[in-house]
Structures are given as C-alpha cells and as structure tokens.
Amino acid sequence: MKENFSYEHAMEEIKVLLEKLESSEFSLEENLSYFKKAESLIQQCELYLNKVEKEIETIIHKEHDEKDGDLGNESTGIEEITLF
C-alpha cells in the first residue's frame, strides 16, 4: 500500500470507475483497464481497513486490560474491607 494512500480518495475513484464500467461509452480494452484499476483500489482499501481494524482492536484490548487491572485492585481492596 502506498504511503500517501487515502481511503476516501480511493473510494471516490472506485465510484467513478464503476460509473464508467456501467456506461456503454467505452471500449472493451478501456473497460478492462477500469476494472483492473478498480480491483487494485479495492484490494488497497481492504488492506487499509484490515490495518485500521487491528489498530482499533489493539487499543480496545489495551484499554480493557488497563480497566481489568484497575478493577482487580479495587475489588481486592473492597473484599479486604468487607472481610474485616
């Protein structure tokens, strides 16, 4: 994936390419070219979304682990107070 990849720009470009494919104005060669370009952009978008999903999962797991650690300490303290 390119460093300057923009998901939003890629989606707009895919939309334009699909519109071209749906029209009957272009030759078979042109349509094949548009199809290949759209397929490439879709693959780049999928890679980008997978990367973002992993980043989100990492953040969620990190926050969840931090909260579990905090809750564990608090519940231990509460249990000690309750027992005495």
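**Notebook: aromatic pairs**

I began with Phe26, which at 25% relative accessibility counts as partly exposed. The model I am reading is a predicted one, and I kept that in mind for each of the entries below.

I then looked up the ring partner of Phe26 and found Tyr34, the two forming an edge-to-face aromatic pair with 5.2 Å from centre to centre and 90 degrees between the planes. Tyr34 has a relative accessible area of 15% and is buried, since the cut-off for that class is under 20%.

Next I turned to the chain as a whole, where I noted 2 helices and 0 strands. Of its 84 residues, 12% count as buried, and the chain exposes about 7200 Å², of which carbon and sulfur atoms supply 55%.

How many aromatic pairs does a search of the whole structure find? I recorded 3. For Phe5 and Tyr48, I noted ring centres 5.5 Å apart and planes at 50 degrees, so this pair is tilted. I also checked where the two residues sit: Phe5 is in the segment before α1 (7-22), whereas Tyr48 belongs to helix α2 (residues 28-83), and the pair therefore ties together parts that are 43 residues apart in sequence.

Methods. Residues numbered from 1 in each chain as written. Predicted model: local features only at pLDDT ≥ 70, side-chain atom pairs only at ≥ 80, totals over all residues. Heavy atoms only, no water. Helix = DSSP H or I, 4+ residues; strand = E, 2+ residues; numbered from the N terminus. Buried < 20%, exposed > 50% of the residue type's maximum accessible area, 1.4 Å probe, protein only. Areas by Shrake-Rupley, 256 points an atom, 1.4 Å probe, with all protein chains shown as cover. Phe/Tyr/Trp six-rings, centres within 6.5 Å; stacked < 30°, edge-to-face > 60°.
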